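The following exercises are to be worked with the sequence and the model side by side. Each task is followed by a solution in steps.

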Amino acid sequence: MPPPSESKPVDPVVEETDAKLKGKQVATAESESEDDDEPTAADAAGADAGQTDQKKKKKKKSKRAKVKEALTGKSSASGVGSSEADLQKAISSLTPEQIQEFIALNPALAREVAEASGSANPSADEAANQLRKMKLQDIMTGLAASGKNAKDMGSYKFWQTQPVPRFGEEGQLEEGPLRAQTVADVPKEPAPLVDGFEWVTMDLTNDDEIKEVYELLNGHYVEDDEAMFRFNYSPSILRWSMMPPGWKKEYHVGVRAIQSRKLVAFISAIPVNLRVRNKHVICSEVNFLSIHKKLRGKRLTPVLIKEITRRSNLNEIWQGLYTAGIVLPKPVSTCRYYHRALNWQKLYEVGFSPLPPNSKPQYQVRKYALPKSTATKGLRAMVEKDLDAVMDLYKRYTARYDMVPDYSREEAYHWFVPKIEPSGEQVVWTYVVEENGKITDFFSFFSIESSVIGNAKHNVIKVAYMFYYGSEVGIREPSDKPALKLRLNELIHDALILAKRFKFDVFNALSLMDNALFLEQQKFGGGDGQLHYYLFNYRLNPISGGVDRKNQLDEVNLSGIGTVMP
């Protein structure tokens, strides 16, 4: 959850999914199994040591990928759209060796199969027979992800207790909340943690405490499968992301090891007024779920989710918005990551951008070269006096989308108006086009650095992320898609030039909004990363994510997602 850093441009292969980083599978707290042991005081001590076993994890990832490919095939690894019949067919196609490996890679599933078969070591035939009896939703996650982000098959046990849509629901569904509650139903105190840990509420206005959150996220939040890149959220970016208008201190939830006082887990939320088709839903936008590496697989993920849910419910917020690179029950939409090199040579040197076959570095540098100056007449940086005009354009332009934040003026000021932070850092860039005193267009992007791990030449890569935009051309009646495509390409080309001027190394975008109209033309490469959108305690019919069933850009059915989560 924002999302987002980098993903290598690749051929359209779906089985490796990524929330935000590099397009390889990422290590996030969301990927742990809810069926493993509880954390202990010894785990807290281990968290201080911070040791990992990368070789073992890479080997596990390779095996799991092979088994998953056998089960799903490369074109359907996301699991979305699979049916019970498809699952039965896939299980029947497995060899005895694949069945055994499949079970071995998923301990919780192995326990269930052993119990159901009455044997501690069931044969491949017995295991396959038990798999056929299971429901698709019980094993979907394990088929949908690989490597560090793969969830144990038994992890759905947690989500089956939650008010979320189920796999297998088909047809036009009645949209709306799944569970009705009142504040009287909500526990007034958090669930107890095991010995050695305690709940804390982090004060992000305190420099020492935001530094603790910064260090936890930068060391343990998201990294690629090969441990080459990791998000490098600065305190300025964290405050921008987690302290918009309406933020509440109690939504910054931490877990400390009592003895060392070390922060070992964190989750946050911000309030958002989300327009979902023709309804307005007040949600908690949940983000930054992070758990120390030594505590992965220790049941902290569901505990953190329950606690942020409890705190939201106490404020009469019953719905939640979140994203993940893995398939959970059940995505509202799935978007694909795209990446545009701005400094190809640096990206090549850090291992982010491969050298295509039969090519040379100097050719790639020329391919991604950009002009020094922008071309759009009337383009300038947004200032505060433009806010009302930009808000008006934003609301009229985003009326075309099915899911989009409905910002107040105060919120729009926070998210859009460029500011230099006390640290001297700038987080968001917004530009407007003014013609004859009228704002006709705007676009924006924000920045998140990624640390480069173990590279002698470079420490960080600077990543720009496409944020929101709008154009009067897109509001014309009747809709003129060719004209909008031309205009968006002009605007985004200038956005790339500006990002290059500000020393960004790569520009990232999802296939949401109308991005399919400009991504290929502006030399964005399709990554192997996907981002799934979810609504907690709300049933919603699927929304297009801007890609077709083959994971290719779909200019005919543009995305209905108008929500970008920093």
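A residue is called buried under 20% relative accessible area, exposed over 50% and partly exposed in between, with a 1.4 Å probe and protein chains only. By this rule, 59% of the 566 residues of the protein count as buried. This is a predicted model, in which local features need pLDDT of at least 70 and side-chain atom pairs count only at pLDDT 80 or more, while totals for chains, interfaces and linings use all residues. Residues are numbered from 1 along each chain as its sequence is written, and side-chain values use heavy atoms, with hydrogens and water left out.

**Exercise 1. Confidence**

Solution. Step 2: contact means heavy atoms within 4.5 Å.

**Exercise 2. A serine in a strand**

Task: Determine whether S284 is buried or exposed, and list what S284 is in contact with.

Solution. Step 1: helices (H or I, at least four residues) and strands (E, at least two) are DSSP runs, numbered from the N terminus. The protein has 16 helices and 16 strands, and S284 belongs to strand β6, residues 279-291. Step 2: S284 counts as buried because its relative accessibility is 2%. Step 3: with neighbours within four places in sequence left aside, the contacts of S284 are Y251, A269, I270, S312, I317, Q319, G320 and L321.

**Exercise 3. Two helices**

Task: Describe how α14 and α15 cross, and which residues meet.

Solution. Step 1: two packed helices are described by the angle between their axes and the distance between the axes. Axes are lines fitted to C-alpha atoms, for helices over the stretch in contact, and angles run from 0 to 180 degrees between N-to-C directions. Step 2: the axes of α14 (residues 387-397) and α15 (residues 409-416) come within 10 Å and cross at roughly 100°. The two helices are therefore roughly perpendicular, a label for angles of 65 to 115 degrees; under 35 counts as roughly parallel, over 145 as roughly antiparallel and the rest as oblique. Step 3: from α14, L387, D388, M391 and Y394 meet R409, A412, Y413 and F416 of α15. Step 4: these contact residues comprise six nonpolar, no polar and two charged. Here Ala, Val, Leu, Ile, Met, Phe, Trp, Tyr, Cys and Pro count as nonpolar, Asp, Glu, Lys and Arg as charged, and the others, Gly among them, as polar. Step 5: the buried residues of α15 are E411, A412, H414, W415 and F416; their packing partners include α10 (235-242), β5 (263-276) and α14.

**Exercise 4. R275 and R277**

Solution. Step 2: R275 and A399 are 124 residues apart in sequence, yet 9.3 Å apart in space, C-alpha to C-alpha. Step 4: although R277 is not a glycine, its phi is positive, at about 55°.
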